[in-house]
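The paragraphs below lead through one protein model, from its overall make-up to single side chains. Please keep the sequence and the coordinates at hand while reading.

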Amino acid sequence: MPVDVRAAGALTLLFALPSERIRNLPADQLTQDDQHTYLAAGRHPILLPPHLAGLLQRLATQPQERLMISHDRRGPRRLFPGRAPGQPIANHALTTRLNRHGISVRPARNGALAALSADLPAAILAGLLGMHVHTAVRWVTYARRDWAEYLAARAADIGQPRQEE
């Protein structure tokens, strides 16, 4: 699997980043200290797992593809560059590449959001991912849904005899 697909897929599956945000990530949002690598995707940097950090570092340092038109050097260096000089990869092109390699972006992102929402308070989730706090509250509410009423109704259905038609 290509490095850019692995990196974009990991950002989607681990941190629920939307493809629109992933495609616009500049290389300078990666920072390192002595032991760790961070990605500034929201208001607070995200600590990256070592393997993902290595993938993103490779993207940040690999030579850019040479196009017929020279790259515009005025903009930031992108982790996911597009075909047009100075522009990121098109959103449709990124999602198509991910889909072609078995990563369905919407279900993958929703699954990651549900998992993160079950573990993090809404305020932390919003700051970490750069989403609106109301969106984070909805996800946390959804992930922590109380299933007691459903289970009681299901148990009542199982306990009652079925009527023949």
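Among contacts in the protein between residues at least 6 apart in sequence, what percentage join residues at least 24 apart? The value is 56%, where contact means heavy atoms within 4.5 Å. The model is a predicted one, in which local features need pLDDT of at least 70 and side-chain atom pairs count only at pLDDT 80 or more, whereas totals for chains, interfaces and linings use all residues. Residues are numbered from 1 along each chain as its sequence is written, and side-chain values use heavy atoms, with hydrogens and water left out.

The protein has 8 helices and 3 strands, these being DSSP runs numbered from the N terminus (helices: H or I, at least four residues; strands: E, at least two). Along the sequence, the elements follow the pattern α-α-β-β-β-α-α-α-α-α-α. Of the 165 residues in the protein, 35% are buried, a term that stands for under 20% relative accessible area, with exposed meaning over 50% and partly exposed the range in between (1.4 Å probe, protein chains only).

The strands form an open sheet of 3 strands in the order E1-E2-E3, with antiparallel pairing; two strands pair if DSSP finds at least two bridges between them. Strand E1 (30-32) and strand E3 (46-47) stand at the edges, each with a single partner strand, so one side of each is left without a neighbour in the sheet. Strand E2 (residues 37-39) runs antiparallel to E3 and is joined to E3 by 2 bridges, and Tyr38 has Leu47 in E3 as its bridge partner. Helix H3 (residues 50-61) packs on the sheet, where H3 touches E1 and E2, and the direction of H3 makes about 115° with that of E1 (axes are lines fitted to C-alpha atoms, for helices over the stretch in contact, and angles run from 0 to 180 degrees between N-to-C directions).

The interior comes next. Leaving aside neighbours within four places in sequence, Leu11 is in contact with Ala16, Leu17, Ile22, Leu25, Leu39, Leu52 and Leu56.

Helix H6 is mostly covered, with 6 of its 8 residues buried, namely Ala122, Leu125, Ala126, Gly127, Leu128 and Leu129. These buried residues of H6 pack against H1, H2, E3, H5 and H7. After H6 comes Gly130, whose phi is positive, near 70°.

Ala114, in helix H5, counts as partly exposed at 24% relative accessibility. Beyond its neighbours within four places in sequence, Ala114 is in contact with Trp139 and Ala143, and the C-alpha atoms of Ala114 and Tyr142, which are 28 residues apart along the chain, are separated by 7.7 Å.

Which charged side chains pair up? The count comes to 2 salt bridges, each defined as a side-chain nitrogen of Lys or Arg within 4 Å of a carboxyl oxygen of Asp or Glu. In one of them, the side chains of Arg97 and Asp4 meet at 2.7 Å, N to O. Arg97 lies in helix H4 (residues 91-100) and Asp4 in helix H1, so the pair ties together parts that are 93 residues apart in sequence. Arg97 is partly exposed, with a relative accessible area of 22%, while Asp4, setting aside neighbours within four places in sequence, is in contact with Leu59, Phe80 and Arg97.

Glu20 also forms a salt bridge, with Arg23, the closest N and O atoms being 3.1 Å apart. Both residues lie in helix H2 (residues 19-23), 3 residues apart, about one turn of the helix. Glu20 is partly exposed, with a relative accessible area of 36%, whereas Arg23 is buried, at 15%.
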